[in-house]
Amino acid sequence: MNSKKHSFISIIPLWLQLQILMTLSTTLLLGMFLIRDYRHSREYVMEQRISSSSRLLDIELQNMDQYIRDLASFCLQPLYDSEFNLAIKSKSPFTSSQQNYIKDQIRLNYHSRSDLNGYEIYFCHQDLAYGRGKNSQHIMLLPSSSLLNEEGYIDCSQGKFYNSIQPASDSDSFFHYYQSIIRIQDSTPEAVVRLDVDASYARSLNQEHQNSEEFICIFNKYHSLLYSGDPALVSDSFLLDLPEDSQGNASFLTELGGKSYLAVLATSEKYELHMVSLLPMEVLNREIYSALQGNALMGILLWAVVSVLIFFILRIATRPLTRLSRQMQTVGNGIFSPLPEVSGSKEIADLSINFNDMVSHIDDLIRKNYLAEISEKTSRLTALEAQLNPHFLYNTLQAIGTEALLNDQPQINRMITSLASNLRYSIKEGDLVKLRSEITYVKNYVLLQKMRLEDRLNVTFDVEESLMELILPKISIQLLVENSIIHGMKPDSPSIDIRIQAILSDGLLNIIVADNGCGIPPEQLDRMEEEFRHFLEPGSAGKIGLANLYSRLHILYPDTGSLMISSIPGEGTTITMQVPADPYQSKGGKTHVQSIDRG
């Protein structure tokens, strides 16, 4: 009985896989449309809200400017009463009759309006103030020093309209209005009127906005809060925290009390009052969801209809494949009798015919495969036998090394051990190895060479420990060192110095082997360049030395590997091998591996 392992995806029928894939695609497409529709609806609803709020705020600010102009006219009424006007201009102390007249006129003015909590007039020449406050029922002489220290008094003595609008000191008032009565000749203040305006007008404005589930805030030109429909959320710093481009007529999103609000800001032209309407985003989202509800229901219905249609279409289309799958299971169980052809689409019919042709040749293929299997087993036995020879050689070398050590020959033992290690490395290691392994191999090679050349050979290594785990081709550095020894040793030179250096630069590992030997003559460099140029031509296989290394670099690193030779006759040779520090940068592409610098 055959044991078959299937991945999870392979046990799901094709029609169900296609159903899931197409349903997911339909869902994704529908979701993208709904998201786009939501964004368009959100922008549209916000634009409508902002537009309607802006128009309403502009109208309300125009009415607010007119309301303040009425207050200014009201404050200037004493100028139209000759006796009151004379009292304003008089520098002599008031008589009792003048004081009574002033009180009577103040009482009449105060009661002529229903939106005042207090009225006060300061006579500059007399340094006296008369008026009544919110909790006072009579007109009385007031302390003048308190008015002189107020910011509104200082502000109204200058400017275009000689007035000032300042925040009220209690929540039952809208604002304090200051109006200077000036002398025409030199524009110096002769009197200052201060009105304590109640909040009835602001509340009526806010009530209009509350019907739309929003509230308003009103600020003076200095961004001080005059009125807030929700004082717990808005403070004087509200406008100061806004970006500079939001200080005129604008709209923006803001956070208040942990909730998001859509704020619409408008500014009056004359008195520079700022009015802000604040709409909770949850209210706006309800409007958006209400607008989307119909589209969402239509989209879900469409999704359901499309999913059902896909189901029936796929079931019909994949039914022939199901029959063909059953026939394949029959053949898999060893039954090779003629099978009926499966009809369907052209592709399925062709597949059925080809499958039946394959079944008719199964017996012949079994016989041929049986013979091939016997031949393969014979080949494996031969290969296994061949593998025994290196192991025999390793064991023999180790035995010789042990015998040398027993006979007090440590130098021979080191040579045998190095040779055995290099032989094992060259046969067993893969084509790509770590720099650490390659350096060990080169050191063993240098040890064997020094046994022959003794002090004539000096090799130094300059390799940082952090580079030891990088990957490079096997027996590549040894070829460079061997080239320096063979071509760099002068017949009459007592020694040769070779330096092996590893440098990481721009994601590339540079292996530099430099010697102070006799160098390479120009004609020999030409021959090497010719070998490099024709390394892929027929008959080039089996080359050794640098040409072989160049071929390997071309195959392993066609885009990033390079082999550069710089030689000056009589002075020495430097060979630089460059490979990527990332081993996954190999395979595929155009090579530019070889270059020769003649020095």
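**Terms and the values behind them**

Q: How do helix H2 and helix H3 pack?
A: Helix H2 (residues 82-89) and helix H3 (residues 96-111) pack at an angle of about 120°, and their axes are 10 Å apart. Axes here are lines fitted to C-alpha atoms, for helices over the stretch in contact, with angles running from 0 to 180 degrees between N-to-C directions, and helices (H or I, at least four residues) and strands (E, at least two) are DSSP runs numbered from the N terminus. The model is a predicted one, in which local features need pLDDT of at least 70 and side-chain atom pairs count only at pLDDT 80 or more, while totals for chains, interfaces and linings use all residues. Residues are numbered from 1 along each chain as its sequence is written, and side-chain values use heavy atoms, with hydrogens and water left out.

Q: Why are H2 and H3 called oblique to each other?
A: Angles under 35 degrees count as roughly parallel, over 145 as roughly antiparallel, 65 to 115 as roughly perpendicular and the rest as oblique; the angle between H2 and H3 is about 120°, and the two helices are therefore oblique.

Q: Which residues make the contact of H2 with H3?
A: With contact meaning heavy atoms within 4.5 Å, Glu83, Phe84 and Ala87 of H2 meet Tyr101, Ile102, Gln105 and Ile106 of H3. These residues divide into five nonpolar, one polar and one charged, where Ala, Val, Leu, Ile, Met, Phe, Trp, Tyr, Cys and Pro count as nonpolar, Asp, Glu, Lys and Arg as charged, and the others, Gly among them, as polar.

Q: What describes the packing of H13 and H14?
A: The axes of helix H13 (residues 522-533) and helix H14 (residues 546-556) come within 9 Å and cross at roughly 35°. Met528, Glu531 and Phe532 of H13 make the contact with Leu546, Ala547 and Tyr550 of H14, a set that divides into five nonpolar, no polar and one charged.

Q: Why does Ser228 count as buried?
A: Buried means under 20% relative accessible area, exposed over 50% and partly exposed in between (1.4 Å probe, protein chains only); Ser228 has a relative accessible area of 7% and is therefore buried. Ser228 sits in strand E8 (residues 225-228) and, not counting residues up to four places away in sequence, touches Phe215, Ile216, Cys217 and Val234.

Q: What makes the pair Asp115 and Tyr67 a polar contact?
A: A polar contact is a pair of N or O atoms within 3.5 Å; within protein, one must be able to donate a hydrogen and the other to accept it, and residues adjacent in sequence count only if both atoms are side-chain atoms. The side chains of Asp115 and Tyr67 are joined at 2.4 Å. Asp115 lies in the loop between H3 and strand E1 (116-123) and is buried, with a relative accessible area of 10%.
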